[in-house]
Amino acid sequence: MASKDIALMAHLMRRAGFGASRDELEARAAQGYEATVEELLTPEAEPVDRYEFLRYQPGFWKPVTSPGMGMAAWFHTMLNTQRPLEEKMVLFWHQLFATGQSKIDHWHELITQVDMFREHAMGNYRDLLVALAKDPAMIYWLDNCDNHAHAVNENWGRELLELFSMGVGNFSETDVREASRAFTGWTIGYTPPRGYYNRWDWQFEYLEEDHDDGEKTFLSHTGNFNGEDIIDIIVQQPACHRFIARHLYNFFVADEPQVPAWQTTPPRNPEAIDTIATAFRESKYDMRSTLRVIFNSDFFKNARFARIKSPAEVVISLLRLAGGFEFPAPGIGQLAKQPTYMGQELLNPPSVEGWHTGAEWINSGTLMKRVNFAASVLGDFSRPGMRAIVDRIKGQGALSPEGFVDSCLDIIGPLDVQPEVRQRLVEHASEGGTLRWGTAHEAETSQKRVGEMLQMIASLRECQYC
Amino acid sequence: MATTDKAPVLVVLQLSGGNDYMNTVIPYNDPLYRDYRPRVGLPEEQILPVDGEVGLHPSMAPLHAMYTQGKMAIIHGVGYPNSVRSHFRSMDIWHTCEPDKTGTEGWLGLATRQLDPRKDNIVTAVSFGPCMFRALSVSGVPVACVDDLESYGLLTGISPEPQRAKILERFAQNYSPLIGTDEVMKYLGATGLEAMAGADILKVAPQRYASTVKYPETSIAKKLKGIAQINFADLGSRVFYCDHLGFDTHANQLPVHATLWNDVSQAIDAFFADLREHNAADNVLMFLFTEFGRRVRDNGSGTDHGAGGAAFVLGDMVQGGQYGEYPSRKPSDLTQGDLAPTLDFRGLYATILEDWLHVDAQPIVKGTFEKPRFL
């Protein structure tokens, strides 16, 4: 197997999923790159069984939705899914349509929203916006339940345009007002729970009598618009195509400036944004078609290690690599908080603007968490994935310090590092001499050295990228 | 204004979950208290009297003693306009001083930037907890985040220690500037070295520490002990932040709330005893707050989210006593069944910022608010 095929496949799986073991990379590389992209876009593997999680974590069972469990149910899905691109898109939509427990105070509704993102993960963006407008958590989050025919609340109307579809500078205050009017009467109803202490279930309700059916003028279109009409007008806007393209580029290809700067800072690769925006428009807003264009493009293939990993990517990819975390064992609630400690509390973004990405994930506290968490996972050879890594290196026989370092850099990436950095790793490896596996004592020492080398590599700056 | 030769130090203890004001500073002489709290009321004979009107929770004996010595200020009715009853949002408001929009800059992060504008000391602010409190978070302001001082540091899982030291040396080399790297790599490099230096600085604190004071075996006592250790090590830390969880007493409040205040009071007692033993009590101010008080009327077992709450300021330099006004309990004066705040928390912050830390409060609290004069 050509090593550049493995490197490219590893790149694809890091971006379109949460990484993959070397066995999986080899199997996928044997199938071919484009075939793998197709499989990721149209997965046939069974979805993760939510009941498996609930069976062992009944505290999460509706209608109790134990608050302490937080995002554990979704975390369990990310750890186990065999449909990785689909789940990556769920994360994409969650980061874009940032909705937070801080205000919702109702985990069940947030998990329901995440399930809705999964249903539409790679489907049609227009349909997703309609589902989002009817999503109870979103309606509550952006106060559309307080948006009445005779008392318009503009929160949802504004963020739909500013944060979810077009970006600032592409609409007027009148457009915000008119869009908001069109969504009057889109509210939530409640179903009483079975037990006294439980949260009430929410569902979308359209109240005709609370809807402003008057004429509206929105982005130069005039009519007695309802919410879906507004969304139909939005998705025709070139600003919308560019906005979604830039978000996809930032999430899948390379770090862009923070979203608030987009109005004034041009994209780092304008042609790539044009390519994505065109695919989005020509496919009538079909995410699957748009993603296919991205993953098969040269700008994607050439963007290895051009993004800082998000905390969710750091944690999930390490746990999937090490293996042994598939079962929802006690402690998964705590494990699911790891991304929080690194600055990304899933299901509770700091605001509707979502998280700042790229280098802004990193400060001295979060960097220490990333390094220490990686070290704790990679040093644990009771995990099947870690044993598989040792077996592979062992399979290469006795290794010189250079061979040992290159082998570790290869298995963890393949990762490119500066020559000076590689040289220092080799110096460190030289202190232990040749890596040998002949005797039981040698094997024990060598396994420890492999663990230590992987920990050193995982703590490199280069390893904060994906 | 309080003065001391040593640089003033602030310790914030956040009572997370919404501490029940009415069962902490209890208006026991008000007959309405009994009406509102048929199940979650405290018997009068157990209440620690402060004056003829209010008393402290029975678990707060050490704090009551500090009050009696004139070393504790009770701040009444603290909150902000249009109280929010969501824990997270309300906490955000307290952390950022932005009640009307989403703030991103923490009040003590901004204070830290004023205290150490050139980032001469990367442990000027120390956050005790698994993640940084938003109150300390400001882009470009270094904050040391410690969950446990004993095990704090980079790659602490690697043993034995000489081996770890060797690996940390490589870490430092690998994070050092390299010719030809881009801005992000440079930023990562500086941040990694900052994290390592912070850990190196703080690790001396437990080594230098000796004390006869026995702290209780509680999580809050452990945090305060860590803060004391860093403070005694003279590392130049000025702002410490920690929290104690569990004040969200919707159910089974009486025993739960008693345990919470017992743990907090005993820990604070040990902390101040330790400060006195080290002749360090005169430049430490401790500030206790919570994101909101709780509903006036009990729910049969606990209390639900409310509005106005109580805050406390402790220390040798504090002018003890009561500040502000206990909000009226009359049904017609309640807002949505809650005590209406009588003092904006930003005024309280302004007192701490200007009269203790000696920094400019204006750009932090963004306005002018009534300052309780407890310093």
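Cys97(B) sits in the loop that runs between helix H3 (87-96) and helix H4 (107-115) of chain B. The model is a predicted one. Although Cys97(B) is not a glycine, its phi is positive, at about 60°. Cys97(B) counts as buried because 24 other C-beta atoms lie within 10 Å, the cut-off for a buried residue being 20 or more. The points below cover the backbone of both chains, a sheet in chain B, and the helices and domains of chain A.

**Positive phi values**

- Asn279(B) is another residue other than glycine with a positive phi, in this case near 55°.
- The loop that holds Asn279(B) lies between helix H8 (253-277) and strand E9 (284-290) of chain B.
- Asn279(B) has 9 C-beta neighbours inside 10 Å and therefore counts as exposed, since the limit for that class is 12 or fewer.

**Cis peptide bonds**

- In chain A, Gly413(A) and Pro414(A) are joined by a cis peptide bond with omega at about 0°.
- Pro414(A) belongs to the loop between helix H23 (401-412) and helix H24 (419-430) of chain A.
- In chain B, the peptide bond from Ser159(B) to Pro160(B) is also cis, and its omega is near -5°.
- Pro160(B) is in the loop between strand E7 (144-146) and helix H5 (161-174) of chain B.

**A sheet in chain B**

- Three strands of chain B form an open sheet in the order E2-E4-E3, and the pairing is antiparallel.
- Strand E2 (25-26) and strand E3 (48-49) of chain B are the edge strands, each pairing on one side only.
- E3(B) and strand E4 (residues 55-56) of chain B run antiparallel and are joined by two bridges.
- Leu48(B) has Leu56(B), in E4(B), as its bridge partner.

**Chain A as a whole**

- Chain A contains 25 helices and four strands.
- The radius of gyration of chain A is 24 Å, close to the 23 Å given by the globule rule for 466 residues, so chain A is as compact as a globular protein of that length.
- Along the principal axes, the C-alpha atoms of chain A fill a box of roughly 85 × 55 × 40 Å.
- Of the 466 residues in chain A, 52% are buried.
- Among contacts in chain A with a separation of 6 or more, 71% are between residues 24 or more positions apart.

**Helix H18 of chain A**

- Helix H18 (residues 311-322) of chain A has 12 residues and spans 17 Å from its first C-alpha to its last, close to the expected 16 Å.
- H18(A) is largely enclosed by the rest of the structure, because 12 of its 12 residues are buried.
- The buried residues of H18(A) include Glu313(A) and Arg320(A), along with Val314(A), Ile316(A) and Leu318(A).
- Helices of chain A that cover these buried residues include H5 (72-80), H6 (84-96), H20 (338-341), H21 (364-378) and H22 (384-395).

**Domains of chain A**

- The domain assignment of chain A gives domain 1 (1-40) and domain 2 (384-464).
- The centres of domain 1 and domain 2 of chain A, taken over C-alpha atoms, are 22 Å apart.
- Six residues from domain 1 and six residues from domain 2 of chain A make up the contact.
- On the domain 1 side, helix H1 (residues 3-16) of chain A gives the most, with four residues.
- That side of domain 1 of chain A has three nonpolar, two polar and one charged residues.

Definitions and conventions: Residues numbered from 1 in each chain as written. Chains lettered and ligands numbered in written order. Predicted model: local features only at pLDDT ≥ 70, side-chain atom pairs only at ≥ 80, totals over all residues. Expected span 1.5 Å × (residues − 1). Contact = placed C-beta atoms within 7 Å. Rg over C-alpha atoms; globule rule 2.2 N^0.38 Å. Pairing = 2+ DSSP bridges. Domains from an automatic or database assignment. Nonpolar A, V, L, I, M, F, W, Y, C, P; charged D, E, K, R; others polar.
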